[in-house]
Amino acid sequence: MAVEVGKPAMVVGIDDSEHSFYALQWTLRRFFSVADSAFKLVVVHSKRSPACVVGLAGPGAADVLPFVESDLKKIALLVIERAKDLCSAFPVGDIQYELVEGDPRNALCEAVDKHQAEILVVGSHGYGLLKRVVLGSVSDHCAHHAQCTVMIVKKPKPKH
């Protein structure tokens, strides 16, 4: 008896930036513009923890954690809703949305492993060297640690 093998997964990481939504649109146009795509699509948004956002803010930081958590949840739900709106314009047959908590670099690599993805797509924020060093580049981390092909999609600069 033959074992039915499903479509390979393509994971797209999104956040609340225009760069990540551009990467999602780019992916949809190139891989999901026809009804029978070769991939199933997994859209992943990683919500940072409130403690990570607040950091070591000193006395009183614990008082703001519930408000930060509420705001992070609202933003995360808006990000997923916007992704659903973008995807609804394409004939994506097999799609899954995931909202996870944690560092996006680790969350995306874990999603690749979980879904045995063949491709991970992330947007490029276009940070300079200093910002990449200070903030840490999600795309750079994924390019070095994800166990699949990583596509880094850059949003074109506006033409004047």
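The exercises below concern a predicted model and treat its sheet and its helices in turn.

**Exercise 1.** Determine in which order the five strands form the open sheet, and which strands are its edges.

*Solution.* 
Step 1. In general, strands of a sheet pair through backbone hydrogen bonds, either parallel or antiparallel.
Step 2. Here the pairing is parallel, and the order of the five strands is S3-S2-S1-S4-S5.
Step 3. Strand S3 (95–101) and strand S5 (149–154) each pair on one side only, and they are the edge strands.
Step 4. From one strand to the next, the twist averages 25 degrees.

**Exercise 2.** State how many bridges join S2 to S3, and identify the bridge partner of Val42 in S3.

*Solution.* 
Step 1. Strand S2 (residues 40–47) runs parallel to S3, and seven bridges join the two.
Step 2. The bridge partner of Val42 in S3 is Gln96.

**Exercise 3.** Find the strands across which helix H1 lies.

*Solution.* 
Step 1. Helix H1 comprises residues 18–31.
Step 2. Helix H1 lies across strand S1 (9–14), S2, strand S4 (119–124) and S5.
Step 3. Relative to S1, helix H1 runs at about 155 degrees.

**Exercise 4.** Describe how H4 and H6 pack, and which residues make the contact.

*Solution.* 
Step 1. Two packed helices are described by the angle between their axes and the distance between the axes.
Step 2. For helix H4 (residues 104–115) and helix H6 (residues 138–145), the angle is about 35 degrees and the axes are 9 Å apart.
Step 3. The crossing in which H4 passes H6 is right-handed.
Step 4. H4 contributes Pro104, Arg105, Asn106, Leu108 and Cys109 to the contact, while H6 contributes Val138, His141, Cys142 and His145.
Step 5. Sorted by class, five residues of this contact are nonpolar, three are polar and one is charged.

Definitions and conventions
Residues numbered from 1 in each chain as written. Predicted model: local features only at pLDDT ≥ 70, side-chain atom pairs only at ≥ 80, totals over all residues. Heavy atoms only, no water. Axes fitted to C-alpha atoms, helices over the stretch in contact; angles between N-to-C directions. Helix = DSSP H or I, 4+ residues; strand = E, 2+ residues; numbered from the N terminus. Left-handed = near helix turned anticlockwise from the far one by under 90°. Contact = heavy atoms within 4.5 Å. Nonpolar A, V, L, I, M, F, W, Y, C, P; charged D, E, K, R; others polar. Pairing = 2+ DSSP bridges.
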